[in-house]
Amino acid sequence: MNPTPMNPLAPLRLTSFSHGGGCGCKIAPGVLSEILRNSHAGFIPPELMVGIETADDAAVYKLNDTQALIATTDFFMPIVDDPYEFGRIAATNAISDVYAMGGKPIMALALVAMPVNQLPIEVIGEIVRGGQDVCRAAGIPIAGGHTIDSVEPIYGLVVMGLVHPERVRRNAGAQPGDLLVLGKPLGVGVLSAALKKEKLSEAGYRQMIDTTTKLNTPGIALAQLDGVHALTDVTGFGLAGHALELARGAGLTAVIEWSKVPLLDGVEAMAADGFVTGASGRNWQGYGAEVVLAEGLPATAQNLLSDPQTSGGLLVSCAPETVAAVLQAFRDEGFAQAAVVGHTEAGAAGLRVLA
């Protein structure tokens with residue numbers, strides 16, 4: 001049984017030790033593109049099935065005819081003040097990339113960077129314990145890792161998984177006429193902004209913890225469906241950013257119907273009241289020129305589309321005849337709010353958002 005969470009407004013606030021939190025720490029997409037503009041993977045062996053070419057969720061290396069190795073890493077600064085929950089959120093988020101490739105996680109390594117002279121050892125231990133508990137829930141060991149003394153607290157995992165080479169699901173396989181399904185509601189960044197300003201209710205805090213610590217386990221079953229053409233998870237670049245990656249990878253237009261997008265309770269009103277992260281604005285600055293917003297959208301739609309989702313949901317591109325099975329795969333794992341949120345069309349790579 002999990003311990004009673006620390007009061008998110010307790011005197012020792014983990015979030016006060018860092019300049020940003022969760023997937024909102026990501027380098028803005030425009031800046032990242034500049035950094036990576038002239039980079040390449042170097043020597044590329046034929047066994048490397050997925051590398052950096054489409055900004056996919058993880059690398060995939062073919063081991064043999066029936067096994068491919070998935071390798072990924074993710075880490076960030078605290079998004080909440082409870083150290084145990086911070087560890088759980090960071091671990092859930094890192095493991096998600098394996099599910100997003102259609103794989104089953106098999107092992108993790110911990111990445112721990114802490115200001116050891118400022119944080120009590122017991123607090124650091126709670127962060128690590130939170131990560132361990134999530135890995136236990138995912139059925140994998142933390143088999144090692146690395147620790148350093150840092151000016152800001154950082155925690156995350158290197159995660160490895162296995163998948164059949166023919167069942168790898170990339171973010172670049174979408175086909176025109178596919179339906180788009182989103183597994184979790186949006187709004188984590190808005191909740192985190194309210195928490196940082198000490199304006200988040202206990203119910204809002206609990207909602208935030210529940211969604212960010214829910215493992216994206218449906219990815220394993222989704223990869224077994226022939227009609228699932230592409231798969232990714234929605235994290236730091238928001239729904240718009242990750243839908244754009246899917247569209248660019250396949251060379252088509254993604255269409256989101258805003259009225260169908262599930263939202264966490266209360267986040268629309270919070271966004272209207274100004275509880276928006278700085279990362280949301282940086283995201284939009286990086287890719288907003290590639291997004292066409294229809295007239296009649298709510299004033300909050302742009303901020304929620306670019307809202308950074310720490311440990312967000314899976315985004316699936318599938319054939320229309322497969323959508324019932326996709327939704328059932330989500331329901332079977334307890335994702336009651338999974339919903340069809342749009343479709344894909346032949347055309348220039350980009351994103352169009354309808355009211």
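Modeller: Gladly. Two strands count as paired if DSSP finds at least two bridges between them. In β13, the bridge partner of valine 255 is arginine 352. Please keep in mind that this is a predicted model.

Biologist: How do you know that β9 and β13 pair?

Modeller: Strand β9 (residues 253–257) and strand β13 (residues 350–354) share five bridges, in the parallel sense. At least two are required, so the two strands count as a pair. Another of the bridges sets threonine 253 against glycine 350 of β13.

Biologist: And what makes β10 a partner of β13?

Modeller: Three bridges join strand β10 (residues 291–293) to β13, and the strands run parallel. Again at least two are needed, so this counts as pairing. Valine 291 has leucine 351 as its bridge partner in β13.

Biologist: Why are β8 and β10 said to stand at the edges?

Modeller: The open sheet has seven strands in the order β8-β11-β7-β12-β9-β13-β10, with mixed pairing. β8 (228–233) and β10 each have a single partner strand, so one side of each is left without a neighbour in the sheet. Neighbouring strands here are turned by 20° against each other on average, direction ignored.

Biologist: Which strands are the edge strands of the six-stranded sheet?

Modeller: That open sheet runs β1-β2-β3-β6-β4-β5, also with mixed pairing. Its edge strands are β1 (48–50) and β5 (142–149), each pairing on one side only. The twist averages 20° from one strand to the next.

Biologist: How do you know that β2 and β3 pair?

Modeller: Four bridges join strand β2 (residues 59–62) to strand β3 (residues 68–76), and the two run antiparallel. The requirement is at least two bridges, so they pair. Valine 60 stands opposite isoleucine 70 in β3.

Biologist: Which residues make the contact?

Modeller: From α4 there are Val188, Leu191, Ser192 and Leu195, and from α5 Gly204, Tyr205, Gln207, Met208, Thr211 and Thr212. They divide into five nonpolar, five polar and no charged residues.

Conventions
Residues are numbered from 1 along each chain as its sequence is written. This is a predicted model: local features need pLDDT of at least 70, side-chain atom pairs count only at pLDDT 80 or more; totals for chains, interfaces and linings use all residues. Side-chain values use heavy atoms; hydrogens and water are left out. Contact means heavy atoms within 4.5 Å. Ala, Val, Leu, Ile, Met, Phe, Trp, Tyr, Cys and Pro count as nonpolar, Asp, Glu, Lys and Arg as charged, and the others, Gly among them, as polar. Axes are lines fitted to C-alpha atoms, for helices over the stretch in contact, and angles run from 0 to 180 degrees between N-to-C directions.
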